[in-house]
Amino acid sequence: MDKQENYVKLEFYAKDQNVAIARLAAAAFSGELGFSLSDIEEIKVAVSEGVSNAIIHGYGGDESRLVEVTLAVEKNLFKLEIKDDGVGIADIKKAMEPTYSSVAERMGLGFVFMESFMDTLNVHSSPNCGTVLLMTRRCPHS
Ligand SMILES: Nc1ncnc2c1ncn2[C@@H]1O[C@H](COP(=O)(O)OP(=O)(O)OP(=O)(O)O)[C@@H](O)[C@H]1O
Ligand SMILES: [Mg+2]
């Protein structure tokens with residue numbers, strides 16, 4: 001196995017306090033990959049936004065539901081997957097528009113942060129079938 005190859009999967013209740021646990025896990029994981037402290041801060045923001053969306057929008061506050069976060073590195077590519085089994089997104093393009101939110105008091109910037117802090121972001125979702133976010137970021141050259 002490649003020296004840097006690694007894989008971690010976390011599954012947790014859709015509770016606010018678990019956002020911090022997912023952030024710390026991602027920080028610890030990406031810290032091993034040569035990312036700078038500011039890169040790691042950006043990765044933590046991407047994790048927070050994705051996991052918060054799963055909790056708030058996907059599950060609408062039902063803390064008994066499960067969120068899954070997978071961290072992986074393969075061939076110098078850091079991969080982050082965030083999965084919920086919630087309500088799903090009917091119009092992904094619209095959901096990803098800057099400042100669009102289905103909740104009046106929210107800013108609608110979560111996807112903007114995920115897109116700007118990671119190299120790629122793919123969203124797979126449909127109504128009642130949950131949402132999977134796949135993000136990647138190239139590791140710095142060692
Ligand atoms: N996991 C999800 N399940 C269902 N809907 C989602 C999910 N993630 C995002 N959405 C939809 O996409 C919209 C845009 O998400 P985004 O994170 O950009 O903004 P927001 O969460 O509304 O506001 P902010 O992140 O700024 O607090 C949400 O308002 C919601 O309608
Ligand atoms: Mg959001």
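Analyst: Two residues are in contact if their C-beta atoms, placed from the backbone, lie within 7 Å. By this criterion T136 touches L77, F78, K79, M118, D119 and T120, with residues up to four places away in sequence not counted. The model is a predicted one, in which local features need pLDDT of at least 70 and side-chain atom pairs count only at pLDDT 80 or more, whereas totals for chains, interfaces and linings use all residues. Residues are numbered from 1 along each chain as its sequence is written, while chains are lettered from A and ligands numbered from 1 in the order in which they are written.

User: In which strand does T136 lie?

Analyst: Helices (H or I, at least four residues) and strands (E, at least two) are DSSP runs, numbered from the N terminus. T136 belongs to strand β5, residues 131–138. The C-alpha atoms of T136 and D119 are separated by 5.7 Å, although the two residues are 17 apart along the chain.

User: Is T136 buried, partly exposed or exposed?

Analyst: A residue is buried if 20 or more other C-beta atoms lie within 10 Å of its own, exposed if 12 or fewer, and partly exposed in between, with C-beta atoms placed from the backbone. T136 is partly exposed because 17 other C-beta atoms lie within 10 Å.

User: How does one describe the packing of helices?

Analyst: Two packed helices are described by the angle between their axes and the distance between the axes. Axes are lines fitted to C-alpha atoms, for helices over the stretch in contact, and angles run from 0 to 180 degrees between N-to-C directions. Helix α1 (residues 17–31) and helix α2 (residues 37–58) pack at about 145°, their axes being 9 Å apart. Among the residues making this contact are A22, A26 and S30 of α1 and I43, V47 and V51 of α2. The contact of α1 with α2 comprises eight nonpolar, four polar and two charged residues; Ala, Val, Leu, Ile, Met, Phe, Trp, Tyr, Cys and Pro count as nonpolar, Asp, Glu, Lys and Arg as charged, and the others, Gly among them, as polar.

User: At what angle do α2 and α4 cross?

Analyst: The axes of α2 and α4 cross at roughly 145° and come within 9 Å. Residues of this contact include A46, G50 and N53 of α2 and G110, F113 and F117 of α4. By class, the contact of α2 with α4 has six nonpolar, four polar and two charged residues.

User: What is meant by a nonpolar core, and how many residues has the largest one?

Analyst: In soluble globular proteins, nonpolar side chains tend to be buried together. A nonpolar core is a set of buried Ala, Val, Leu, Ile, Met, Phe, Trp, Tyr and Cys residues joined through C-beta atoms within 7 Å. The largest here has 25 residues, and those with the most contacts inside it are A26, A46, V47, V51, A54, V69 and L80. Helix α2 provides the largest share of this core, six residues. L80 itself touches A26, A46, V47, L71 and M135, with residues up to four places away in sequence not counted.

User: Which residues are closest to ligand 1?

Analyst: A residue is near a molecule if its C-beta atom, placed from the backbone, lies within 6 Å of it. Ligand 1 is surrounded by 22 residues, the closest being N53, A95, S101, S102 and G110. Helix α2 gives the most to this shell, five residues.
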